[in-house]
Amino acid sequence: MGRVADKIAIITGGASGLGLASARRLAEEGASVVIADINKEQGEAAAGEIPGVCFEQHDVTREENWIRLVDKVVAEYGRLDILLNSAGIVRLASIEDTTEETWRQINAVGTDGTFFGCKHALRVMKLNGSGSIINMCSTASIQGGPMIFAYAASKSAIRGMTKSVAVLSVQSGYGVRCNSVHPGNMRTPMLEGVRDIVRESDPQAAQAMDGIWVGEPEDVANMVLFLASDESSAVNGAAMVIDNTTTITEGAVPR
Ligand SMILES: NC(=O)c1ccc[n+]([C@@H]2O[C@H](COP(=O)([O-])OP(=O)(O)OC[C@H]3O[C@@H](n4cnc5c(N)ncnc54)[C@H](O)[C@@H]3O)[C@@H](O)[C@H]2O)c1
C-alpha cells in the first residue's frame, strides 16, 4: 500500500524540476497525479513516461483557468486530495532595476497562481472534509536577497497565504491542511538558468555560488510526499525548510 494510495493530486509546474520530481514520487506511492503546466511539450513527455500521471495544459495566472482545471479533475476523479503549487519563475534584479513588468510577471505566476490555486482547491476539498495544499516557497522568503527582489516578495506573500489558509481551515472545521516548503538551491533547470546568467554577468559571484550547497529535486519531493500523506496529519500552517542549514549560517554552506 503506497503512502498516498488512491489520492488525487494536481501539481502545477509539474513538467520540470521540483514539480516533476514530486509528481514522480507521489505516483510511485500510489497517487493519481495531474501535471498542470504551461509547457505542453514537456508536460506531455513527463506524463507519457510516468505511470499514474496525466497532463493538463494550464496557465496558473488566470482564475478562470483554475475553475476549469479543478472542476475537470473533480468531475473525472470524484475529488481532489492534494494540490502542490510549484509553478514559478525567477528574474534576477535588485529593487532598483525591477521594472513594473518583471514585478507583475513574477507575481502573476507565483503570488496570483498560488492564490487562485489555494482558493479553488479549498472550495472542493472542504466538501470532503480533507485535503493537503502544499505551496512551494523558498529560502528567499526567509532571507531575501539583493538580486531577487520581486521573487523574494512573491515567496513571502505565499508564505503568509499558507498560514492564513491553514488557520481558516482549522477555525472553520474544513479539514484541509496547508503548508509551505522552503528549498534552498536545488539542482533544476531554474537554478541552471540563474547560474548561467550569473556566470556571464558576475564571474566572482558565480564562483561563490558554485561553492554553496545544492540539494536534489528528490529531497524536496520527499518532503512533498510527507506533507501530502496522512503521516503529516498534525502538520498545518508550517514552513518546512530544506536547505542543510544555509539559512541559519552566515552565507554559504560548503558542498
Ligand atoms: N530550484 C531551486 O533552487 C528552487 C529553490 C527554491 C524554490 N524553488 C521554487 O520551486 C518551484 C519550482 O522550481 P523549479 O526549480 O522546479 O523550476 P523549473 O523552471 O524547473 O520548473 C518550473 C515549472 O513551472 C512552469 N510554469 C511557469 N510558468 C507557468 C504558468 N504561468 N503556469 C503554469 N506553469 C508554469 C514551467 O513551465 C516549469 O515546468 C518554483 O516555484 C521555484 O520558485 C526552486
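## The model

This is a predicted model, in which local features need pLDDT of at least 70 and side-chain atom pairs count only at pLDDT 80 or more, while totals for chains, interfaces and linings use all residues. Residues are numbered from 1 along each chain as its sequence is written, and side-chain values use heavy atoms, leaving out hydrogens and water.

## The whole chain

The protein chain has nine helices and seven strands (DSSP runs, numbered from the N terminus: H or I of at least four residues for helices, E of at least two for strands). Its C-alpha atoms fill a box of roughly 55 × 40 × 35 Å along the principal axes.

Of the 255 residues, 52% count as buried (under 20% relative accessible area, with a 1.4 Å probe and protein chains only). Among contacts with a separation of 6 or more, 71% are between residues 24 or more positions apart; a contact means heavy atoms within 4.5 Å.

## A closer look at helix α6

After α6 comes Gly173, with a positive phi near 70 degrees.

Buried residues of α6 include Ala150, Tyr151, Ile158, Met161 and Val165. Their cover includes the helices α4 (100–128), α5 (140–143) and α7 (189–201), along with the strands β5 (131–136) and β6 (176–183).

Definitions and conventions:
Buried < 20%, exposed > 50% of the residue type's maximum accessible area, 1.4 Å probe, protein only.
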